[in-house]
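This note is meant for a colleague who is meeting the structure for the first time. Please read the numbered points with the sequence and the model in view.

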Amino acid sequence: MSNPPSRPSFGMIGLGTMGRNLLLNLADHGFPVSGYDKDATKVALLAKEGQGKPVTGYADLATFIGSLQTPRAVMLLVPAGAIVDAVVAELTPVLAPGDLIIDGGNSHFTDTERRAKALAASGFHFFGMGVSGGEEGARFGPSMMPGGDKEAYRVVQPMFEAIAAHVGGEPCVTYIGPGAAGHFVKMVHNGIEYGLMQLIAETYGVLKTGLGMDNAAIGEVFAKWNAGRLQSFLLDITKDIFQFIAPNTDHLLLDDIKDEARSKGTGKWTSQVAMDLETPLSTVDTAVTMRNLSKDKALREQLQELYGPVASALLVAHEAFVAQLEQAFYFSMAITYAQGMQLLSRASVEFKYELQLAEIAKIWRGGCIIRSGFLTEIYNAYQHAPDLAHLLLDEQVRAVVSAAVPGARAVVAAAATAGLAVPAYMASLSYFDAYRTGRLPSNLIQAQRDYFGAHTYEIIGKEGVFHTQWTPEHEDASNKKDAQVDEHGPAKEPVQPNS
């Protein structure tokens with residue numbers, strides 16, 4: 001690495017947990033940096049933690065900008081939405097054309113597209129970058145997903161490659177693609193995160209309620225799994241949670257936490273985009289739904305009183321069932337990743353992102369929240385076949401998924417019989433079974449749509465679209481409305497839907 005300049009060219013706006021720790025990470029690697037925050041206490045904290053390092057904090061924007069040599073690179077780590085626009089509006093008058101602005105927050109990708117166009121028209125470089133890894137990742141090595149202005153990224157590429165997490169000597173950061181590709185990929189990352197967290201929570205419920213295991217035994221299960229093929233960041237922190245005693249008590253803090261899961265919206269965004277792109281994402285969708293359902297605690301307690309005990313104990317051999325549960329988790333984890341990768345594949349075509357799925361899996365192997373051993377399988381699959389239509393088509397993935405299916409079926413069946421809610425497990429299994437069904441009963445849906453709304457249908461082995469008058473009464477009404485449609489024949493003109 002060449003000697004960095006004594007005067008910083010990189011600055012951070014927003015000295016909260018992520019922004020402050022990223023600056024300290026850069027300073028640790030020898031890069032002089034500046035930080036700005038309106039909150040003087042955050043500036044003071046940066047000064048305290050950065051003592052002896054090439055980092056300086058400011059509570060005045062003009063002074064902060066003046067501390068940077070041109071061309072400047074200014075990164076924003078502030079809450080997504082209107083605050084980003086407000087900061088950009090405040091920032092641009094004190095910058096000069098040619099300066100670079102980086103949005104490192106969880107902005108919606110459509111906002112990133114809009115800001116990129118507006119800033120380019122004003123002579124500024126801009127790109128959006130997803131950053132994953134939380135406080136520890138920011139401080140010691142995150143996974144980063146920059147997308148947009150490729151030439152602008154190259155200006156800061158050496159810095160980001162230096163501070164990123166490394167796996168096998170390779171940095172967990174890469175140029176993702178044009179436009180808002182970086183923020184889109186981070187959004188999907190977070191959607192996968194929702195799915196995996198819901199699966200872990202359901203596993204906890206099965207072990208606790210279904211098998212009656214105590215916290216110590218449950219913690220041992222998660223620790224054992226994390227030491228094997230299920231190794232992941234989320235299981236690693238879960239085993240730690242099952243060892244943390246609430247202060248001044250003799251029980252786990254976990255037992256005191258209210259069972260209402262909150263969110264910041266990125267999982268919902270992932271589901272919404274998947275709907276727009278007509279891409280099935282059932283495990284992630286279920287995870288989003290369950291967070292919403294969990295917030296209705298008073299209603300859940302009322303319904304529990306009305307309908308009686310929620311679940312009975314699972315009538316299974318515990319040791320054998322825990323082994324099946326491990327299979328079920330592995331299977332459902334693979335399905336969750338597969339859904340996310342398919343969404344990325346389709347978005348790449350729709351939005352012309354030119355995503356390299358192998359590279360995305362590669363940088364997710366370290367630093368980020370969804371890092372896991374299974375990402376090596378994903379990387380290998382797309383490295384071998386970059387245009388793979390679906391992860392389940394890969395031979396190695398097919399082998400491990402097929403071996404885990406029996407466990408998934410056993411867990412879902414036992415849980416359903418006992419009345420134990422495992423919706424993400426069920427969604428994963430149903431997704432798999434539907435996708436491996438060559439002929440679904442969806443032909444009936446299409447017939448119904450044609451019956452009530454003249455939406456037409458296609459015939460196996462025939463070209464064109466068709467419409468049928470399904471009853472004499474229907475025929476009379478339809479003929480009066482549209483004489484252009486033949487009974488059980490090709491539609492001569494596109495038929496407008498009634499509903």
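1. Arg262 has a relative accessible area of 55% and therefore counts as exposed, the cut-off for that class being over 50%. Please bear in mind, here and below, that the model is predicted. The side chain of Arg262 meets that of Glu260 in a salt bridge, with 3.0 Å from N to O.

2. Lys258 counts as exposed because its relative accessibility is 54%. Glu260, in contrast, is buried, since its relative accessible area is 17% and buried means under 20%. Side chains of opposite charge can pair when their charged atoms come close.

3. A further salt bridge links Arg114 with Asp111, whose closest N and O atoms are 3.3 Å apart. Both residues belong to helix 5 (residues 109-121), where a spacing of three residues places them about one turn of the helix apart. Arg114, at 40% relative accessibility, counts as partly exposed. Asp111 is also classed as partly exposed, at 21% relative accessibility. In the structure as a whole there are 23 salt bridges.

4. Turning to the surface, a nonpolar patch is formed by Leu299, Leu303, Leu306 and Tyr307. Together these residues have about 470 Å² of accessible area. Leu299 is located in helix 13, which covers residues 297-307. With a relative accessibility of 43%, Leu299 counts as partly exposed.

5. In what order do the seven strands of the open sheet lie? The order is 3-2-1-4-5-6-7, and the pairing is mixed. Strand 3 (55-58) and strand 7 (143-148) stand at the edges; each has a single partner strand, so one side of each is left without a neighbour in the sheet. On average, neighbouring strands of this sheet are turned by 25 degrees against each other, direction ignored.

6. The bridge partner of Gly35 is Gly57, in strand 3.

7. Which helix lies across strand 1 (10-13), strand 2, strand 4 (73-76) and strand 5 (100-103)? That element is helix 4 (residues 82-91), and it runs at about 155 degrees to strand 4.

8. For the chain as a whole, 20 helices and 11 strands are assigned. The C-alpha atoms fill a box of roughly 85 × 65 × 50 Å along the principal axes. The chain has 499 residues, of which 49% count as buried.

9. Two further totals complete the description. Among contacts in the chain with a separation of 6 or more, 67% are accounted for by residues 24 or more positions apart. The accessible surface of the chain comes to about 23,700 Å², and 55% of it belongs to carbon and sulfur atoms.

Definitions and conventions:
Residues numbered from 1 in each chain as written. Predicted model: local features only at pLDDT ≥ 70, side-chain atom pairs only at ≥ 80, totals over all residues. Heavy atoms only, no water. Patch = residues over 30% accessible without salt bridge, like charges linked within 9 Å, V, L, I, M, F, W, Y side chains within 5 Å. Areas by Shrake-Rupley, 256 points an atom, 1.4 Å probe, with all protein chains shown as cover. Salt bridge = Lys/Arg side-chain N within 4 Å of Asp/Glu carboxyl O. Helix = DSSP H or I, 4+ residues; strand = E, 2+ residues; numbered from the N terminus. Buried < 20%, exposed > 50% of the residue type's maximum accessible area, 1.4 Å probe, protein only. Pairing = 2+ DSSP bridges. Axes fitted to C-alpha atoms, helices over the stretch in contact; angles between N-to-C directions. Contact = heavy atoms within 4.5 Å.
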